[in-house]
Amino acid sequence: MHRYLRKDYNNLLTLDFICHGVPSPGVWRCYLQEEVYPSAQRAAKKIQSPSSLSTMPLLESIAFRDKKMAGWEKFSFVVRLKSAFKVGKNSVLLSDIHYENPYMRGFLADIYLRPSCYHCKAKSGSGHSDITVADFWGVRQIMPDFYDDKGVGLVLISTEKGKAIFDTLPIEVRKTSFKEAISFNPAYTKSALPHRKRAAFYKEFNEGIPVAIIVEKVLCVPKHVRYIQRVKGVLKHILSGVLDFFSFSRTV
């Protein structure tokens, strides 16, 4: 935007986001066709909706990080129908905690981000925006008294114009250092790494295998690996207890 305009404007406020990555539009369209639309069609039949209605008008919204159900740490993938067909809580067509929904699991595992996301050039403030917005990962550790299970936003202000606008907003604010702000947010400086089985996913995806089935196969952890991970967890817990014991002994 700055390069295109070639000069600053008083009424222009630029804003960017610290982004994990953008999933493939093609994978998303397939997931809609395979999982979401059929569920909406079944719901339409139950409420005797005219068969001439297409699926899309039935859908009110799709939330990838819904916090109303279980809070921020267990954000959910939620699909809602229009209230004309269902009312109140019954308007929820699908609701999965993120680690239980196949599409969200694949996205968060970096299987099908867009190729450019693995080599993102908009890192470390290189966008030169007035304000940068992000999730405040690590807020529970940095300022636990400010933690909220509905989520806490992180705002990085880079210019006087950005500060002037931000200071007018009627929101609760707590200042922190830049170092603390990005200490739990590696996406500020680093691009996502492609999943090691990304190529295997797309091979089967291009063969027409449903997204949910491929994700389950790609992310399935073999039994022997799960056993090794469990043993490592137990050993780590034991070692932590031993270190705490010797630390306590020295203080006494």
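**Ground rules**

I'm working on a predicted model, where local features need pLDDT of at least 70 and side-chain atom pairs count only at pLDDT 80 or more, while totals for chains, interfaces and linings use all residues. Residues are numbered from 1 along each chain as its sequence is written, and side-chain values use heavy atoms, with hydrogens and water left out.

**Whole chain**

I get 9 helices and 6 strands in the protein chain. Those are DSSP runs numbered from the N terminus: helices are H or I with at least four residues, strands are E with at least two. The chain has 252 residues, and 31% of them count as buried. For burial I use relative accessible area: buried is under 20%, exposed is over 50%, and partly exposed is in between (1.4 Å probe, protein chains only).

The accessible surface comes to about 17100 Å², with 58% of it belonging to carbon and sulfur atoms. Areas are Shrake-Rupley with a 1.4 Å probe, and for residues only the protein chains shown count as cover. I also checked contacts (heavy atoms within 4.5 Å). Among those with a separation of 6 or more, 64% are between residues 24 or more positions apart.

**Aromatics**

I pair rings of Phe, Tyr and Trp (its six-membered ring) if their centres lie within 6.5 Å; planes under 30 degrees apart are stacked, over 60 edge-to-face, and the rest tilted. By that rule I count 16 aromatic pairs. One of them is Y112 with F201, a tilted pair at 5.2 Å centre to centre and 45° between the planes. Y112 is in the loop between helix 3 (102-108) and strand 5 (131-135) and F201 is in helix 7 (residues 198-205), so this pair ties together parts 89 residues apart in sequence. Both residues are buried. Y112 and F201 also belong to a cluster linked by ring pairs, with W28, Y31, F64, F77, Y103, Y202 and F205 as the other members.

**Salt bridges**

My criterion is a side-chain nitrogen of Lys or Arg within 4 Å of a carboxyl oxygen of Asp or Glu. Searching the whole structure gave me 9 salt bridges. In one of these, the side chains of R174 and D145 meet at 3.1 Å, N to O. That pair links distant parts of the chain, 29 residues apart: R174 is in the loop between helix 5 and helix 6, D145 in the loop between helix 4 (139-142) and strand 6 (153-157). R174 counts as partly exposed at 36% relative accessibility, and D145 as exposed at 61%.

I then looked at E204 and K217, whose closest N and O atoms are 3.1 Å apart. Here helix 7 (E204) is joined to helix 8 (residues 211-219, K217) across 13 residues. E204 is buried, at 17% relative accessible area, whereas K217 is partly exposed at 48%. K163 bridges to D167, with 2.8 Å between the closest N and O atoms.

**The loop between helix 6 and helix 7**

Is H195 buried or exposed? H195, which lies in this loop, is buried, with a relative accessible area of 18%. I see H195 touching A109, D110, I111, V218 and L219, leaving out residues up to four places away in sequence.

T189 is in this loop too, but is partly exposed at 40%. With the sequence neighbours up to four places away left out, T189 touches K123 and S124. I also noted 8.8 Å between the C-alpha atoms of T189 and A122, which are 67 residues apart along the chain.

**Positive phi**

Most residues other than glycine have a negative phi, so I went looking for exceptions. R6 has a positive phi of about 70°; it lies in the loop between helix 1 (2-5) and strand 1 (15-17) and is exposed at 76%. H128 has a positive phi of about 55°, sits in the loop between helix 3 and strand 5, and is exposed at 59%.
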